[in-house]
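What follows is a brisk report on one model. Keep the sequence and the 3D view open while reading.

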Amino acid sequence: GGISGMQAAVTAAENGHDVVLCEKTGELGGTILCEKDVPFKSALHRFIEQQKASLTKLGVEVRLNTPVDKASAEAMKPDAVICAIGADVVKPPIPGIDLPQVHSAVEVFAKPEIAKGKILILGGGLAGSELAIYLSSLGKDVTLVEMAPFLNDGGNSCHGIAVRDMLIQHKVPLNLGTKAEEITAEGVRCSNRQGEIFFPADTVVYAAGMRAKKEEALSFYSAARSFHMVGDCVNSSTILNATGTAYTVARYLGRYGE
């Protein structure tokens, strides 16, 4: 029921197939829903609403609060299974990561009020960078730490330039080439080429990326004659790639009756 699952369902239904879309939570949209209140993500969430409307118009049967395993998938006797179960948040193995003031970027996007006082974000990919911009726009004190010597733009250089420009505009301190070694109650002990550096922090947020749920997705392999994996359960990637792959796979099924 995320971005790729909705696209696959829409495309398959447009081509005459009888489609059932199962979502384990109570709302379609997937992990990206955590960013629904971020102003610069408004176009994305309008797209999600358009996809929901398309599902209704096309007569797709949407089953919310419906987790699916291999047995329940087989019980539906499908001709094809398109698996779009997404990815899990990566929790980096940093000492102190389980302290109460430490949260994932997904959690903070959904509830920015849990990020209090001086905030340190670990991870300079798009999630960490965009979260830093969002929290700064809310008037919060944010610092960004990235282990690599550059920010990761996710393969979209134009978007990456815009993000870096916004970080500068919001005067977010950037600490590149800096590795988090230990999280304590007072902050985060890090290291860089110059040696050890300590960042005082009241809230620590990790944005270390997502891990594709490949093994779980592959468990559905024999649930139907035709099986496909799309979206982040293959490789955690961009929305463009996820929707493009979902469209292609669903279109590959052909038109019903041909």
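Q101 sits in the loop between β4 (87-89) and β5. Helices here are DSSP runs of H or I with at least four residues, strands are runs of E with at least two, and both are numbered from the N terminus. Q101 is buried, at a relative accessible area of 15%. Buried stands for under 20% relative accessible area, exposed for over 50%, and partly exposed for what lies in between, with a 1.4 Å probe and protein chains only. Leaving out residues up to four places away in sequence, Q101 touches I183, T184, A185, D202, T203 and V204. Contact means heavy atoms within 4.5 Å.

The model is predicted: local features need pLDDT of at least 70, side-chain atom pairs count only at pLDDT 80 or more, and totals for chains, interfaces and linings use all residues. Residues are numbered from 1 along each chain as its sequence is written, and side-chain values use heavy atoms, with hydrogens and water left out.

**The sheets**

Five strands form an open sheet in the order β5-β12-β6-β7-β8, with parallel pairing. The edges are β5 (102-104) and β8 (174-175); each has a single partner strand, so one side of each lacks a neighbour in the sheet. Two strands pair if DSSP finds at least two bridges between them. Strand β6 (residues 118-122) and strand β12 (residues 203-206) pair in the parallel sense over four bridges. There, L120 stands opposite V204 of β12. V204 is also one of the residues that Q101 touches.

Three strands form another open sheet, in the order β9-β10-β11, with antiparallel pairing. Its edge strands, β9 (179-183) and β11 (195-200), each pair on one side only. From one strand to the next, the twist averages 30°. β9 and strand β10 (residues 187-192) run antiparallel and are joined by four bridges. I183 has V188 as its bridge partner in β10. I183 is also among the contacts of Q101.

**Helix packing**

Two packed helices are described by the angle between their axes and the distance between the axes. Axes are lines fitted to C-alpha atoms, for helices over the stretch in contact, and angles run from 0 to 180 degrees between N-to-C directions.

| Helix pair | Angle | Axis distance |
|---|---|---|
| α1 (residues 3-14) and α2 (residues 42-57) | about 35° | 10 Å |
| α5 (residues 126-137) and α6 (residues 157-169) | about 35° | 9 Å |

The crossing of α1 and α2 is left-handed. A crossing is left-handed if the near helix is turned anticlockwise from the far one by less than a right angle, and right-handed if clockwise. From α1, the contact takes I3, M6, Q7, A9 and V10; from α2, it takes L44, F47, I48, Q51, K52, S54 and L55. By class, the contact of α1 with α2 has eight nonpolar, three polar and one charged residues. Ala, Val, Leu, Ile, Met, Phe, Trp, Tyr, Cys and Pro count as nonpolar; Asp, Glu, Lys and Arg count as charged; the others, Gly among them, count as polar.

The crossing of α5 and α6 is left-handed too. On the α5 side, L126, S129, E130, A132 and I133 meet H159, V163, M166 and L167 of α6. The contact of α5 with α6 divides into six nonpolar, two polar and one charged residues.

S129 lies in helix α5. S129 is buried, with a relative accessible area of 2%. Not counting residues up to four places away in sequence, S129 touches G123, G124, L144, L151, V163 and L167.

**Cysteines**

How many disulfides are there? The count is zero, where a disulfide is a pair of cysteine sulfur atoms within 2.5 Å. C83 is in no disulfide, and the nearest cysteine sulfur, that of C233, is 4.6 Å away. That is too far for a bond between C233 and C83. C83 is buried at 4% relative accessibility. C233 is buried at 0%.

**Positive phi**

N65 is not a glycine, yet has a positive phi of about 50°. N65 lies in the loop between β2 (61-63) and α3 (70-75). N65 is exposed, at a relative accessible area of 56%.

K171, also a residue other than glycine, has a positive phi near 55°. Its loop runs between α6 and β8. K171 is exposed at 72% relative accessibility.
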